[in-house]
Structure formats: structure tokens, C-alpha cells
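Hi,

Here is the structure I promised to pass on to you. Have a look at it first, then read my notes below.

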Amino acid sequence: MTRVDLEPRYLVGIACVVGLLSAPLLMPILTLRQLTAALFLGMFAMSWDYVSGYTGQLSFGHSMFFGIGGYTAAVLNLELGISPLVGILIGTIAAGIAGLVVGYPALRLEGPYLGLITLIAPIVLVQIVNIFPGTLGGDAGLPSPAGLIPVDDTISVLSAIGFETPFEHQTIVYYYVALFLFLAIYALFYVFTRSYIGSIFTAIHEDEDAVRSAGINVAKFKVFAFTMSGTIGGLAGAAFVHTPVGEPSVGELLYIVVSIEVVIVSILGGMGTITGPAVAGIAYYFIRDALQTSSLTIPLLDVTVGHISMVLFFSLALLVLFFLPRGILPWLEDLSHELAQRRTEQTEPIS
């Protein structure tokens with residue numbers, strides 16, 4: 001019988017997937033609801049890393065895709081009565097078109113100029129939302145659209161395994177919806193970034209002129225990266241507003257802070273890895289919440305952690321970036337390889 005030896009990272013990955021699948025049985029229902037929201041942040045981070053981490057085209061306003069998908073799906077459901085699934089599909093397509101539109105300026109602009117365009121786009125969208133408050137809700141946001149999944153169909157199954165209340169039923173159903181979407185997006189990006197396309201993206205990031213001199217159409221790959229990134233970001237936003245953890249509002253979908261958060265967590269996790277931003281997005285959500293709700297008083301300053309939670313988080317982020325400039329995941333991979341090499345050297349017979 002052939003023995004299959006998996007690398008430690010794959011074993012960790014399998015353990016994480018099993019843990020996520022078993023989460024409803026392992027954690028309180030309120031924590032599960034938080035994890036559902038965290039999964040959407042992880043999806044959003046993966047969509048940013050696909051274009052910025054791999055091709056080097058920095059987007060500082062990625063929330064435009066999240067917002068376009070979310071608002072399109074919500075308005076179609078609330079104003080026209082279109083079903084959530086159809087609305088999500090249209091919202092995803094709309095965000096993909098936005099990615100295509102933004103991708104073309106990326107052919108001529110680089111660095112801060114491209115970053116400025118992507119930064120301005122969500123600000124313009126916020127103004128549009130405020131110009132049409134009757135349709136788009138303004139600063140207050142829109143009412144929650146219809147739910148994506150008919151929870152009533154699952155009550156008998158969930159009740160049989162110990163979940164009795166409607167709140168528990170709703171939370172568990174939408175958790176698995178978010179988890180399925182998260183794993184599907186991760187698998188899609190993982191396949192693309194490990195394929196010929198991913199190799200071209202990495203080469204563009206390292207030396208665009210060399211790629212062009214090899215006869216490869218750099219423009220095509222740049223536009224494709226932005227289009228796919230926008231499509232997936234829009235999908236996440238459109239699905240998000242049709243779950244109990246999301247709402248169609250500028251604070252949830254479009255504010256610049258949403259874009260800044262996704263940039264920070266992706267860099268901390270490890271740009272150009274997909275896995276790093278996905279994991280860091282989930283971790284960030286819980287760390288931020290723990291800091292914001294902490295009542296622990298800091299000696300000398302006489303303030304609670306909750307009052308200066310973002311100061312503490314960003315200070316921690318600066319320390320990580322200073323000591324681990326490539327991000328946490330690449331550092332862990334290097335550490336794992338170093339330890340494996342040491343074990344190999346220790347077990348080799350002395351000749």
C-alpha cells in the first residue's frame with residue numbers, strides 16, 4: 001500500500017477546512033454569526049490580492065466592486081422584486097463590467113496614478129448614493145432585502161441535531177452559505193494563480209517590460225485581472241447584503257475605510273498568496289471586534305482598550321510590517337521550510 005506524505009501546509013489546510021465545516025458544533029451561535037461576516041471579509045481580501053498582490057496594480061478603492069455588487073442586488077430586489085439569486089448574478093456582472101472599465105486605465109497608468117483613480121471611484125459612488133436617497137438610501141442605507149435561502153426548509157434537520165430557535169436556524173444556514181462561497185472563491189483563485197495565468201501575473205509584477213518583450217500581451221492580462229477581481233468582489237458584496245450579517249449601506253460597502261481595511265489585512269497576511277489574505281481577513285474581523293469591545297483599562301493612560309482599539313491595532317500592524325515585511329504567511333512558510341531542513345540534516349547518517 002502506497003503511503004502519501006502531505007506537506008505540513010496541506011495538513012493544516014485540511015484541518016482548517018474540517019474545523020470550518022464543524023464550526024456550528026464547536027462554537028457559540030453568536031460567534032458563528034461573527035464568523036459568517038468574517039468569511040465575507042476574507043472573500044473580499046482574496047479578490048483584492050488577485051489583482052494587487054499578483055500583478056502589482058495597487059487598488060486603494062476596491063470597495064467600489066463590493067458596493068456595486070451589493071447595491072445592484074439590493075435595489076433590484078427592493079425596487080423591482082427580482083429574486084435574490086438573479087439579483088446577485090446581475091450585481092456580479094455589473095461589478096465585473098466596472099472591473100473591465102477600471103482595467104483599461106491601468107494599461108496607461110501605474111503606481112500612485114492608478115491608485116488615485118481607484119481611490120476616487122468609491123468616493124464618487126458614495127456621492128451618487130447620497131444624490132438618490134430615495135432609491136439608494138443615502139447615508140442611512142437601504143432596508144434589508146429578501147434573504148438568499150428559505151430557512152424554513154432546514155428547520156426539521158437542524159432541530160434534529162439540537163438547534164431549536166429560529167435565530168439558530170438562520171445563523172447556521174447562512175454560515176454554510178458564506179462558507180460554501182468562501183471555499184469556492186478560494187478554490188477558483190487557487191487554481192488560477194497556480195496556472196499559466198498566475199505565472200504571467202507574477203512575471204508582470206516583477207518585470208513588465210520583460211514579459212512584453214517575450215511577446216505576451218500584457219494589456220490583456222492586466223484587464224483580465226481587474227475584471228475577474230471586480231467580478232468576485234461584486235459577488236461577495238451582492239451575496240453579503242442578502243444575508244443577516246450584511247446590509248446595503250455606504251458604511252458596510254463603500255466607505256474608504258472598507259478599502260483600507262482590505263489592503264491592510266492582505267499585506268499583513270502576505271500579498272500574492274491568496275491564502276494569507278483569506279486567513280488574515282477572518283482573523284482581523286475577530287481581533288478588531290475583541291479590541292473594540294474590550295473593557296480592560298490600560299495602566300498610566302487610564303483609558304480602556306475599546307476607546308483606542310484602532311490605534312492599538314494599527315500599531316500592531318506597523319510592528320508586523322516592520323519585522324515581517326512580506327507578511328505573516330510567507331514568514332510561516334519560510335520558518336516551516338527551515339525547521340524541515342534542520343530535521344533532515346539531523347536525521348541524515350554521518351558518513
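Gly-67 is in contact (heavy atoms within 4.5 Å) with Thr-72, Leu-253 and Leu-254, leaving aside its neighbours within four places in sequence. You'll find Gly-67 in helix α4, residues 63-80; helices here are DSSP runs of H or I with at least four residues, strands are runs of E with at least two, and both are numbered from the N terminus. Gly-67 is buried, with a relative accessible area of 2%. For that label, buried means under 20% relative accessible area, exposed means over 50%, and partly exposed is in between, using a 1.4 Å probe and protein chains only.

Before you go on, some ground rules. This is a predicted model, in which local features need pLDDT of at least 70 and side-chain atom pairs count only at pLDDT 80 or more, while totals for chains, interfaces and linings use all residues. Residues are numbered from 1 along each chain as its sequence is written, and side-chain values use heavy atoms, with hydrogens and water left out.

Now the overall picture. The protein chain has 17 helices and two strands. Of its 351 residues, 43% are buried. Among the chain's contacts with a separation of 6 or more, 75% are between residues 24 or more positions apart. The chain exposes about 18000 Å², and carbon and sulfur atoms supply 68% of that; the areas come from the Shrake-Rupley method with a 1.4 Å probe, and for residues only the protein chains shown count as cover.

Next, the inside. The largest nonpolar core has 80 residues; such a core is a set of buried Ala, Val, Leu, Ile, Met, Phe, Trp, Tyr and Cys residues joined through side-chain atoms within 4.5 Å. Helix α3 gives the most to this core, with 16 residues. The residues with the most contacts inside the core are Leu-39, Phe-40, Met-43, Tyr-71, Tyr-175 and Phe-189. Not counting residues up to four places away in sequence, Phe-40 touches Ala-178, Leu-181, Ala-236, Ala-239, Phe-240, Thr-243 and Val-245.

Ser-52 sits in helix α3, residues 29-55, and counts as buried at 0% relative accessibility. Which backbone atoms does the side chain of Ser-52 reach? The backbone oxygen of Gln-57 is at 2.9 Å, and the backbone nitrogen of Ser-59 is at 3.2 Å. Beyond its neighbours within four places in sequence, Ser-52 has contacts that include Met-271.

Then there are the rings. A search of the whole structure finds 15 aromatic pairs. Rings of Phe, Tyr and Trp (its six-membered ring) pair if their centres lie within 6.5 Å; planes under 30 degrees apart are stacked, over 60 edge-to-face, and the rest tilted. Phe-192 and Phe-224 make a tilted pair, 6.0 Å centre to centre with 40° between the planes. Phe-192 is in helix α9 (residues 166-193) and Phe-224 in helix α12 (residues 218-241), so the pair ties together parts that are 32 residues apart in sequence. Phe-192 is partly exposed at 23% relative accessibility, and so is Phe-224 at 32%. Both belong to a cluster linked by ring pairs, together with Tyr-50, Phe-189, Tyr-196, Phe-201 and Phe-221.

Finally, have a look at helix α14. Its 14 residues, 256-269, reach 20 Å from the first C-alpha to the last, close to the 20 Å expected at 1.5 Å a residue; the expected span is 1.5 Å times one less than the number of residues. Helix α14 is mostly covered, with 10 of its 14 residues buried, including Glu-261 and Gly-269. Just after α14, Gly-270 takes a positive phi of about 125°. Ile-274 has a positive phi as well, about 65°, although it is not a glycine. In general, most residues other than glycine have a negative phi. Ile-274 lies in the loop between α14 and α15 (275-293) and is buried, with a relative accessible area of 0%.

Cheers

How values were computed
Polar contact = N/O pair within 3.5 Å; in protein donor to acceptor, adjacent residues only side chain to side chain.
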